[in-house]
Amino acid sequence: MEVALCLLGLCALFCPLSAEPTCKLKAKFNLSGYKDVVKKKVVVGGMFPVHRRLASIDGNTSRVPVSSGCEGFNFRTFRWTQTMLFAIDEINRAPDLLPNTDLGYVIYDSCFTISKAVEGTLTYLTGQDEAVPNYRCGTGAPLAALVGAGGSDLSIATARILGLYHFPQVSYSSTCSALESKFQFPTFLRTIPNDVHQSAAMAQLVLHFGWTWVGTIAADDDYGKYGIKAFKDQVEEAGVCISFSETLPKVSSPEDMQRIAKTVAQATAKIIVVFSSDVDLSPLVLELLRHNVTDRTWIASEAWVTSALINQAVVNPVLGGTLGFGVKRADIPGLQRHLLDVDPYANGLTEEFWETLFNCTLDSSKAAVLTKQRAVGANDTLPRSVRAAPDGLCKGSESVGQLGNTYSDVSQLRITYSVYKAVYAVAHALHNLEHCVEGQGPFVGKSCADITQFEPWQLMYYVKNVRFKVPHTGEEIYFMEGDVEGFYDIINWQVQSDGEMSYVTVGSYNGSAAPEDRMKIRNDSIVWNNQELATPRSVCSENCQPGTRKGIRQGEPVCCFDCIPCADGEISNSTNARACIVCSYEEWSNEAHDTCVSKIIEFLAFGEPLGITLIAISAFGALATIGVGVVFVAHIGTPLVKANDALLSFSLLFSLVVTFLCSIVFLGKPQHWSCMTSQVALALGFALCLSSIMGKTVVLMLRARALKAERTRARAAAKAAKLAAAEAAQAAADGGSPDVVAANAVHRAEAKDGALSEVDSLTCGHQRAIAAVATLIQAVACTVWLVIVPPHPVENTSTQNIKIILECDEGSVVFICCIFAYDILLALLAFVFAFIARKLEDHFGEAKCVTFGMLVFFIVWISFVPAYLSTRGKFMVAVQIFAILASSFGLLTCIFLPKCYILLVKPERNREEMMRPRSKARDGTSTGTSASLATNATEVHATTASTNIDD
């Protein structure tokens, strides 16, 4: 009747009097719930998702549309509804809270859908079952606030409407961070923490265990989208990567569930974060069970972490070891008794609860019809609706407590406790409003509001500023911009020995504490999936150990990378280094490439075994050379020593001493003086040595050429002598004078003997001059070298990375090549001269000795080149010293050992006679040394003369 009058008033206001009324009621909402407003001073609204979804409709538009009903009774949310009733009853009986005011209530079922939540909000604001926007028809008790409306999506929808009228709304389970905006939702408050804290807690949990590869699943609503986005932002900033991200549809289908389950099964991520309600998640859990996905660890949001809809024994293999965040838990005395004493006949919702719980019906006529239908035929021929109908008639006296249903389970009162706090927050706000002292009020003129006829915005002031302690728990409740502090218990799902899943608190998170103190967790108390105690690993790529760096894989997240070893000379001394560090000039990487170590300083030192050996050999060579010199001095007057200029022999011995000793200068740490001394001494020593040998061999070569000429003359003289004898015989036969013939023969022989006086055209002075000039040229070149670009010590780091090789830089490659090329030229000339003079045959054969000595010299230095180029570091110096010593020993041995043998062992051969030819050739010619060439010529002349005389 009141509605009709209201509608008539609206029509009279907006419709012309001459026209027929056009105001029509366009829809009538189909809402179920609880209502008690009779004789109540203030009415508190409530909204709970008692059912999980709307009942399906046929979509027929050919008839008047009917508001959908609900299906899928939810025992957990029905307990929340009963908790509000219990709290209001407790408040009405409390002597110190609203003592003069009885609270009434209007509670609607939102069916977990936005449309039903909006229907309930409009109906609640109108005050009647038929909603008339912007009007409240009726004269009942004023509306205080709405406690609800369940999920975040529902609260967002209702808050937008309630905000238009400045109507307070206190939510018990809407955690979405979007609701913190006072611009969009000015009258929204909540007794459950903001998801900003929960997302941060989840992110910190992932980072705490070092998981860098996680998957995410979110409900397709604001709760899931906002929560998972905040989580992603925080973990990705910390370097965590998202393996996959799936969305649970509000209306699930088998295809969607199979697709998501397949994604989870194929993903390599072992940690999966889920922001969803239990209603949206339950179909996926069953699908995962069919796919046998049992090796994952789930991170649960507060909406399903303690849900009995999810926590069933059959899902233990899938969800065992789950970690989640639950809001504060509390024990509420008297609540369980209230839950167990529910009257099945009190309300339509209660009846449905009873029938669903005990699988029976409270309607006797309905039970009789169903029994009759079942008697008609077998179950397989019955309609589906009949087969699914409950069995039997409920007695109404069944025991709720004996079933152990989630409805009566008060061990995990978390969101239930949040409902309890929300009702008390509204009650304390009303209490403060009622007990306002006139003249001290918060409104204009310090006025107060009347409890019997206050405006919603007036109550909103008191709700925003309420501060009270919750009965039985002592927790202090107050709102900060509509939110409470972000405190959570960290809950671990652990399978007990009897197969039941239990919720074990293993830590806590306090979003109001300092960052380092926010999370407290006992790792050793956690039992992971499959009863594992070791913390699971979830990484796309294992950590790169020191000595390697991360190499990004193209097209993949940054958590998926390859570990690339640092190059030589580079290190990384931390895990997951993005780049390697280059060692300094004096350092090099160790074998593990995790530390720079000092490079090895390398040079051929005096004290090491190789250096000592080379010094000993050099000293021995120098002493042996000096010993040879002493022997020569002792036999200075003998023919062997005097032959071919003794002074050149001593200069040769001196140069060999220099080459032996200069090799020692190559040892030790290179200094400026040692670099210059070693190279210059070597160049000048070999220059003097080779020029002395060249001075000797040039004379030997000239004498060999003279010997060749003498042999030619000797053959000619012998031929002339035979011709003279033949002529003399012919003359005697003819009566001629033999003296005339002989005289002619002698004249011809003397004419051909004139060249003998030019055999030793080069004197000892010439030889010495050749040696001195050749050495002086080298000395001038070395002086220019030292003045312009002298050799100097350097640190060679390019040859061997792990070493700093101290060596001498020659200063100029051109100069050193020219200097040693000059020595090679001298050696070639000496060798050529000696080779030409090798046929001088006597008891000593000096030319042959020099030839062999030069061959040894060339062999040593030709072998030196590849050996020197193939070695590095101090061994290059050792090879160079060895070449110097070997060539010096070769020259000393080949040139002077035969002479020392004669001087010391065969002194009888050290006579002038031994310098003469050993035998004569068959053609009458003779061979010999340069010391016997003149004697040979005289003998030839005498032989010719005697022949003529005899004839």
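Author: Start with C540 and C560, which form a disulfide in this predicted model. Their sulfur atoms are 1.9 Å apart.

Reader: Where in the chain do C540 and C560 lie?

Author: C540 is in the loop between β18 (519-521) and β19 (548-552). C560 is in the loop between β19 and β20 (561-565). The two are 20 residues apart, and the pair links distant parts of the chain.

Reader: Right-handed or left-handed, that disulfide of C540 and C560?

Author: Right-handed, because the torsion about the S-S bond is about 110 degrees.

Reader: And is C560 buried or exposed?

Author: C560 is buried, with a relative accessible area of 2%. C540 counts as partly exposed, at 24% relative accessibility.

Reader: Remind me, what is a disulfide?

Author: A covalent bond between the sulfur atoms of two cysteines.

Reader: How many disulfides does the structure hold?

Author: Nine. One of them joins C544 and C563, with sulfur atoms 2.1 Å apart. That link is left-handed, with -95 degrees about the S-S bond.

Reader: What does the C544 and C563 pair tie together?

Author: Parts that are 19 residues apart in sequence, because C544 lies in the loop between β18 and β19 and C563 in strand β20. C544 is buried, with a relative accessible area of 0%. C563 counts as partly exposed, at 36% relative accessibility.

Reader: What about C662, buried or exposed?

Author: C662 is buried, at a relative accessible area of 3%.

Reader: And which cysteine sulfur is nearest to C894?

Author: That of C849, 7.6 Å away. C894 is in no disulfide. C894 is buried too, with a relative accessible area of 18%.

Reader: Which residues of α7 are buried?

Author: M257, I260, A261 and V264. They cover an arc of only 100 degrees around the axis, which puts them on the same side of α7.

Reader: Why do residues three or four places apart point the same way in an α-helix?

Author: Because an α-helix has 3.6 residues a turn.

Reader: What is on the other side of α7?

Author: E255 and Q266 are there, and they are exposed.

Reader: What covers the buried residues of α7?

Author: The cover includes strands β9 (213-219), β10 (241-248), β11 (271-275) and β12 (297-300). Helix α8 (278-290) is also part of it.

Reader: How many bridges join β26 to β27?

Author: Five. β26 and β27 (residues 803-809) run antiparallel.

Reader: Which residue in β27 stands opposite P793?

Author: C808.

Technical notes
Residues numbered from 1 in each chain as written. Predicted model: local features only at pLDDT ≥ 70, side-chain atom pairs only at ≥ 80, totals over all residues. Heavy atoms only, no water. Buried < 20%, exposed > 50% of the residue type's maximum accessible area, 1.4 Å probe, protein only. Helix = DSSP H or I, 4+ residues; strand = E, 2+ residues; numbered from the N terminus. Arc of directions from axis to C-beta. Contact = heavy atoms within 4.5 Å. Disulfide = S-S within 2.5 Å. Pairing = 2+ DSSP bridges.
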